[in-house]
Amino acid sequence: MTQQLVDLTIDCKGLSCPMPIVKTKKAIDQVSPGQVLEVLATDPGSVADIKSWATRTGHQFIGTTKDGDVFKHYIRRTDPNEVKPEGRHGDVISNEELHGLLTQNPVILDVREPMEYNFGHIPGAKLVPLGQLEEELESLRSLSDQVIHVVCRSGNRSDTACQILSEHGFKRVKNVVPGMSDWTFELEQSPS
């Protein structure tokens, strides 16, 4: 592979969602339009998060490589006139509200990585990692008329997932906030 010309590198190794995105948002303002930001991260969730964030904000996502346990993400800053404002999905539900619905068997999509899901998830939640969501849209189509509760660790990946689902005709989508980082109710674990 040809050597990437990098103008700024930030180290997000050992950080989990949402910190790689938080640091990337700050760092992109430190490079000039046309320059390349390299983000080093060990969180597997960063693969989908960084690509999705760059695409949604108008920056050019160049790609990701992997060196051992480290993901190297490359983003080219776009011209400020081409940057899109970062939107948020407006329909949210609290952890407590979702917990109150569990006896009604609500539809819950967990968009974290498989390892996060396996260590503990909301009973009945279906795993669809954010990075695979667009590939799974047709298999989810039968749920498009139902209320879909989308959860991740901190409400960021699930926000992105809600936006993707809404853009593809899923009109009754709710982002669960703050998400699994503050879920104090029962959990299920997947067998290893």
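Predicted model: local features only at pLDDT ≥ 70, side-chain atom pairs only at ≥ 80, totals over all residues.
Trainee: Which residue in the turn between strand 3 and strand 4 has a positive phi?

Mentor: Strand 3 and strand 4 run antiparallel and are joined by seven bridges, and G63 stands opposite Y74 of strand 4. The two strands form a hairpin with two residues between them, and the residue in the turn with a positive phi, of about 70°, is G68.

Trainee: What is the order of the strands in the open sheet?

Mentor: The edge strands are strand 1 (8-12) and strand 3 (60-67), each of which pairs on one side only. Strand 2 (residues 36-41) and strand 4 (residues 70-76) run antiparallel and are joined by six bridges, with L40 partnered by K72 and L37 partnered by I75. The pairing in this open sheet of four strands is mixed, and the order is 1-2-4-3.

Trainee: How many of the seven residues of strand 4 are buried?

Mentor: Helix 1 packs on the sheet and touches strand 1, strand 2 and strand 4. Helix 2 lies across strand 2, strand 3 and strand 4, running at about 5° to strand 4. Strand 4 is mostly covered, and the number of its seven residues that are buried is five.

Trainee: Is the crossing of helix 1 and helix 2 left-handed or right-handed?

Mentor: The axes of helix 1 (residues 19-28) and helix 2 (residues 45-57) come within 10 Å and cross at roughly 35°. The contact is made by P20, I21, T24, K25 and I28 of helix 1, together with S46, D49, I50 and W53 of helix 2, and these residues divide into five nonpolar, two polar and two charged. The crossing of helix 1 and helix 2 is right-handed.

Trainee: Why is the pair of W183 and F185 described as it is, and what is that description?

Mentor: The count of aromatic pairs comes to one. The ring centres of W183 and F185 lie 5.1 Å apart, which is within the 6.5 Å required for a pair. Their planes stand at 80°, and because planes over 60 degrees apart fall in that class, the pair is edge-to-face.

Trainee: Is F185 buried or partly exposed?

Mentor: W183 has a relative accessibility of 8% and therefore counts as buried, since the cut-off for that class is under 20%. F185 has a relative accessible area of 24%, so F185 is partly exposed.

Technical notes:
Residues numbered from 1 in each chain as written. Heavy atoms only, no water. Phe/Tyr/Trp six-rings, centres within 6.5 Å; stacked < 30°, edge-to-face > 60°. Buried < 20%, exposed > 50% of the residue type's maximum accessible area, 1.4 Å probe, protein only. Axes fitted to C-alpha atoms, helices over the stretch in contact; angles between N-to-C directions. Left-handed = near helix turned anticlockwise from the far one by under 90°. Contact = heavy atoms within 4.5 Å. Nonpolar A, V, L, I, M, F, W, Y, C, P; charged D, E, K, R; others polar. Pairing = 2+ DSSP bridges.
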